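Keep the viewer open and follow along as each part comes up.

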Amino acid sequence: MKKKLDVMMIFEGTYPFNGGGVSTWAHILCDKVKNANFTLYSVNANFEEKPKYALNKSVKKVIQLPMWSPLEINELDISEKKFYKTVSRKVKNDETAIVSTFVPLFEKLIQLIFTENANVHEIDATVYHMWLYFQKHDYKKTMSSMPVWKAFQQNINHTINQDNHYKASLYDITVSMRWLYRFLMPISVQVPKMDVSHISLAGFPVIPALILKYKYGTPIVATEHGVFIRERLIAINSSEFSFFLKNFLIKFSECITKLAYHKTDVILSVNKFNLTWEKKYGADPDKINVVYNGIDHTLFVPTPKPVQLQNTPTVVAAARVFELKDIHTMIRSCAVVAKEIPNVKFLIYGDNNAVPAYTQSCNVLIKSLKIEKNFIFAGHHNNPHELYCEGDLSILTSISEGFPYTVIESMSCGIPVVATDVGGVTEALTDDCGMICKPKDYEGIGKSVIKLLKDKDLREKMGVAARARVIQNFTINTFIHNYEATYNFAYLASKSNNPNYSKTLLKKALDDWH
């Protein structure tokens, strides 16, 4: 089609202000997709001064919603910084409407959150009518009103009284209300008309896409990297929240995930592993297609190891330092290797300030294991395509992944990989290209690293096979082709009033797209 589509890509804490696999994926799309112009909608913790990435001219606008900013959304005026102004004026005389219109909707939402196997059509209808309400009424005044607070307390207490296994303190109820307030905030933010909305996870960022669908019938495309709800469950269950807060956040997240799958027209999973989770939470299998990430194999190429490292056994990693990457296990595996190869170097490139408390715990562990000279946080690397060839092999120790770029980038550079068996890792990395280990098994990971560092012939053989596999399966052209076709398909299907966004039709669109 000749018309360039207007696509809104919606992110949570990633592109264009933070690095990582999702940001790499998004940046490639914005640079390479030819049939779309992009508006980026970034839900962040706080206001970010400027993007981390140099944005392609295809990016026409950046909308930023700092969800946890100390300023309220009706106090934010960031248009002078060339970001989209988030809120329009709303009706101020809200007292009667809060009690008569909003409170019943709010109570219904709380009931649905705590209802096992809640009807997703009811969830959808409730969110839709809440959105209609906020078209005319002020978000802060409504959500912080006494009637809403009392309704929340009463519904929570009623729920707890039905289940004698746990209690909620006033602190618990206050925190959970604060979460609701913040996570639902996008429902009151105006968004410009778009041809397609594209969410980067099936979670809370679906709300801006829902607004577009409610208002304009805009189709929703979702890409699942690491499954939102799976990673949310891991994070919540490992947190120090009370039982009530864990239970509330899990149920709220599950509710939103089910709604996201229900309203999304096309789901592009970056691996086959995700499909089980997607179907479990209600995704229609006919909406799902697997599209593997792709890279520029002419950029990520084998090059000689730097002179200063040629006599040093070296393991490299490209990883944002936070819990899901399980850097603790990587550190412990380094200690295992250092006992047998004392001069080994682990060079970890990536943002080590993402979660300062976690980075601090990593530094404490490194010191306790006495491997300060072996394990090095090397910070940001200006040329990602060059970092892998600094190592004899690369490593990934994540407890959750989608289809990690770091694995296929390393493979493309002819560097074998030692990785944990999570997400789509084994769909990229076969036994002839590297070694697969169990998550958290630092002894097994360490032994695999030792084996490869001591066997040059095996490393070289795996490196050749790894690059060949990337060229055959994970090139950027195939990747971009699939997304261009998906955008085109979603837009045309929505205009044809055809509700059947089936896998068969999508496959035909992919095959026909040139």
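His27 sits in helix 1, which covers residues 21–32; helices here are DSSP runs of H or I with at least four residues, strands are runs of E with at least two, and both are numbered from the N terminus. With a relative accessible area of 18%, His27 is buried. That word means under 20% relative accessible area, while exposed means over 50% and partly exposed lies in between (1.4 Å probe, protein chains only). Setting aside neighbours within four places in sequence, His27 is in contact with Tyr15, Tyr53 and Ala54, where contact means heavy atoms within 4.5 Å.

A word on what you are looking at: this is a predicted model, in which local features need pLDDT of at least 70 and side-chain atom pairs count only at pLDDT 80 or more, whereas totals for chains, interfaces and linings use all residues. Residues are numbered from 1 along each chain as its sequence is written, and side-chain values use heavy atoms, with hydrogens and water left out.

Now step back to the overall fold. The chain has 19 helices and 13 strands. Its C-alpha atoms fill a box of roughly 75 × 55 × 45 Å along the principal axes. How does the radius of gyration agree with that of a compact globule? For 514 residues, such a globule would have a value near 24 Å, and the chain has 24 Å, which agrees; the radius is taken over C-alpha atoms, and the globule rule is 2.2 Å times the number of residues to the power 0.38. Buried residues account for 59% of the 514. Of the contacts between residues at least 6 apart in sequence, 72% join residues at least 24 apart. The accessible surface comes to about 22,300 Å², and carbon and sulfur atoms hold 52% of that; these areas come from the Shrake-Rupley method with a 1.4 Å probe, and for residues only the protein chains shown count as cover.

Helix 7 (residues 206–216) is mostly covered, with nine of its eleven residues buried. Among them are Val206, Ile207, Pro208 and also Lys213. Just after this helix, Gly217 takes a positive phi of about 75°. Then look at Ser412 in helix 14, which runs over residues 405–412. Ser412 has 0% relative accessibility and so counts as buried. Not counting residues up to four places away in sequence, Ser412 touches Ile295, His297, Phe300, Val301, Pro302, Arg467 and Val470.

Charges come next. There are 60 positive and 50 negative side chains, and the centres of the two sets lie 3 Å apart. Lys and Arg count as positive and Asp and Glu as negative, leaving out His and the chain ends; each charge is placed at NZ of Lys, CZ of Arg, CG of Asp or CD of Glu.

How many salt bridges does this give? The count comes to eleven, a salt bridge being a side-chain nitrogen of Lys or Arg within 4 Å of a carboxyl oxygen of Asp or Glu. In one of these, Asp124 pairs with Lys263, with their closest N and O atoms 3.1 Å apart. This pair links distant parts of the chain, since Asp124 is in helix 3 (residues 120–134) and Lys263 is in helix 9 (residues 243–263), 139 residues apart. Both Asp124 and Lys263 are buried.

Another salt bridge joins Lys440 and Asp326 at 3.6 Å, N to O. Lys440 lies in the loop between strand 13 (434–437) and helix 16 (442–454), and Asp326 in the loop between strand 8 (314–318) and helix 11 (327–340), so the pair ties together parts that are 114 residues apart in sequence. Lys440 is exposed, with a relative accessible area of 51%, whereas Asp326 is buried at 4%.

Lys454 and Glu340 also form a salt bridge, with the closest N and O atoms 2.5 Å apart. Here helix 16 holds Lys454 and helix 11 holds Glu340, again distant parts of the chain, 114 residues apart. Lys454 is exposed at 54%, and Glu340 is partly exposed at 46%. Finally, Lys305, Asp392 and Arg459 are linked in a network of salt bridges.
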